[in-house]
Amino acid sequence: QGPLVLRQGFVVPSDDTKCLTAALAELKYLDSMIAMCGCKRTVVQAGGNFGIWPLHLAKSFLRVITCEPDDLNFKALSINTGGVPNIKAHQSALGSSIGRASLKRTSSNAGAHYIIEGDDFEVASVDSFGVKDCDLLQLDIEGYEHEALIGAKQTIEASRPLIALELKRLGDKYGHTNQDTID
């Protein structure tokens, strides 16, 4: 057993016991988001995790831009989405500006890692992708949604996408309440 294993048809980090089940169960919420989009040109999505959501989005959108900073998750994402031409995966986090950061890894849940100060990977902004036809901005990035929205100001103004966020008070550790992010 190496760092990646095959489970339920997906390559996943071998230490994950929670994220795969949760991601598959939450596809129904993703379907609701897709249904609310009038156009389905480009979706910017993060965390890409090991690719379940980007793969699902690629069935409906012309272009999927996904971000995942964790090495193991990104390797799994690359394998799971390999050969899907409308998915562009970036091994980076999303934030308010371009920079560098690190992750605090959470054992047993590959979807619960969160941003900390450091220099392990790139942080991009949504605006740095230059997307002019974003119809959905979907962020599940463990409390860093507020920062990513700040870095998406131009994209939001240009495209007026549906914005879907996971808000579970995880932004508190970065000094942003759920209401701050909504505002």
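This is a predicted model: local features need pLDDT of at least 70, side-chain atom pairs count only at pLDDT 80 or more; totals for chains, interfaces and linings use all residues.
Let's begin with strand β1, residues 4-7, and strand β2, residues 10-13. These two run antiparallel and are joined by four bridges.

## A sheet of three strands

Next comes an open sheet, in which three strands follow the order β6-β8-β7 with mixed pairing. Its edge strands are β6 (92-94) and β7 (99-104), each of which pairs on one side only. From one strand to the next, the twist averages 55°.

How many bridges join β7 to β8? There are six, and the two strands run antiparallel. Strand β8 covers residues 114-124, and its Ile116 stands opposite Ser102.

## The largest pocket

Now for the open space: the largest pocket has a volume of about 520 Å³. It is lined by 36 residues, and the closest to its centre are Asn49, Gly111, Ala112, Asp140 and Glu142.

Which helices and strands each supply at least two residues of this lining? They include helices α1 (19-25) and α3 (52-58), along with strands β3 (42-46), β6 and β8. Sorted by residue type, the lining of the largest pocket has 18 nonpolar, eleven polar and seven charged residues. Strands β6 and β8 therefore link two parts of our tour: they belong to the open sheet and, by the rule that strands are DSSP runs numbered from the N terminus, carry those labels in the pocket lining too.

Key: Residues are numbered from 1 along each chain as its sequence is written. Side-chain values use heavy atoms; hydrogens and water are left out. Two strands pair if DSSP finds at least two bridges between them. Axes are lines fitted to C-alpha atoms, for helices over the stretch in contact, and angles run from 0 to 180 degrees between N-to-C directions. On a 1 Å grid over the protein atoms alone, a cavity is a set of points where a 1.4 Å probe fits but cannot get out, and a pocket is an open set with protein on both sides within 12 Å along at least five of seven lines; lining residues have an atom within 4 Å of a point. Grid points are joined across faces, edges and corners, and a volume is the space filled by probe spheres set on the points. Ala, Val, Leu, Ile, Met, Phe, Trp, Tyr, Cys and Pro count as nonpolar, Asp, Glu, Lys and Arg as charged, and the others, Gly among them, as polar.
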